[in-house]
Amino acid sequence: MASVLKVDEIQSTSAGGVTMPNQPRFTVRGNNANYVTTSPVPFPTVVIDNASGWNTGTNRYVVQKAGDYLFAVRMGICRVTSNDGYSYPNLKLNGTSVAYSYIQMSSATSFVNGIITTILTCAVNDYVEVAFHASGGDYYNGSQESSFSGHMLG
């Protein structure tokens, strides 16, 4: 059986590696520096978005190229403000929950990190967003505390 390799561009590095410059990738960050419960989580600061998939109006990443993607969410400070309160960031694909980080504390005013990392198979025009749910909790949406990123694996 014959194999077929189709490429648009291959570049070698001086160390003999291969770069893949056309793989979609993005990183966005929060910027209001307050404790909030806004959902979907707003990430208005675009650090990189080489495929123009991030929409600051909807706070969604719209997939421009089908494939497997690695997504990572960091809610640097989730605060639980009541006994047995909870908070959790929730990663959604086309409006359906696919991964979340659940935080519940037995004492008031506790702080933890909400982290999500997952691989998803996405089609063109699929969208990915971060929702937030809480009862007696919120998150700090600063540029160093909250971020959402993803890149195509292949």
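Where is asparagine 94 found? Asparagine 94 lies in the loop between β9 and β10 (96-100). The model is predicted, so local features need pLDDT of at least 70 and side-chain atom pairs count only at pLDDT 80 or more, while totals for chains, interfaces and linings use all residues. Residues are numbered from 1 along each chain as its sequence is written, and side-chain values use heavy atoms, with hydrogens and water left out. Strands here are DSSP runs of E with at least two residues, numbered from the N terminus.

**Backbone features**

- Most residues other than glycine have a negative phi, and most peptide bonds are trans.
- Asparagine 94, although not a glycine, has a positive phi of about 55°.
- Asparagine 94 is partly exposed at a relative accessible area of 35% (buried is under 20%, exposed over 50%, and partly exposed in between, with a 1.4 Å probe and protein chains only).
- Asparagine 59, in the loop between β6 (54-55) and β7, also is not a glycine and has a positive phi of about 60°.
- Asparagine 59 counts as buried, with 11% relative accessibility.
- A cis peptide bond, with omega near 0°, leads from serine 39 to proline 40, and proline 40 sits in the loop between β4 (35-36) and β5 (45-49).

**Strand pairing around β13**

- Strands β7 (residues 60-62) and β13 (residues 127-135) pair in the antiparallel sense over two bridges (pairing requires that DSSP finds at least two bridges between the strands).
- Within that pairing, tyrosine 127 in β13 is the bridge partner of valine 62.
- Strand β9 (residues 86-93) runs antiparallel to β13 and is joined to it by eight bridges.

**Lysine 92**

- Lysine 92 belongs to strand β9 and stands opposite glutamate 129 in β13.
- Lysine 92 is buried yet has no salt bridge, and the nearest side chain of opposite charge, glutamate 129, is 5.5 Å away.
- A salt bridge is a side-chain nitrogen of Lys or Arg within 4 Å of a carboxyl oxygen of Asp or Glu; Lys and Arg count as positive and Asp and Glu as negative, while His and the chain ends are not counted.

**Nonpolar core**

- The largest nonpolar core has 28 residues, of which Phe43, Phe71, Leu91 and Phe148 touch the most other members (such a core is a set of buried Ala, Val, Leu, Ile, Met, Phe, Trp, Tyr and Cys residues joined through side-chain atoms within 4.5 Å).
- Elements giving two or more residues to this core include β8 (67-80), β12 (110-122) and β15 (146-152).
- The most comes from β8, with six residues.

Definitions and conventions:
Helices (H or I, at least four residues) and strands (E, at least two) are DSSP runs, numbered from the N terminus.
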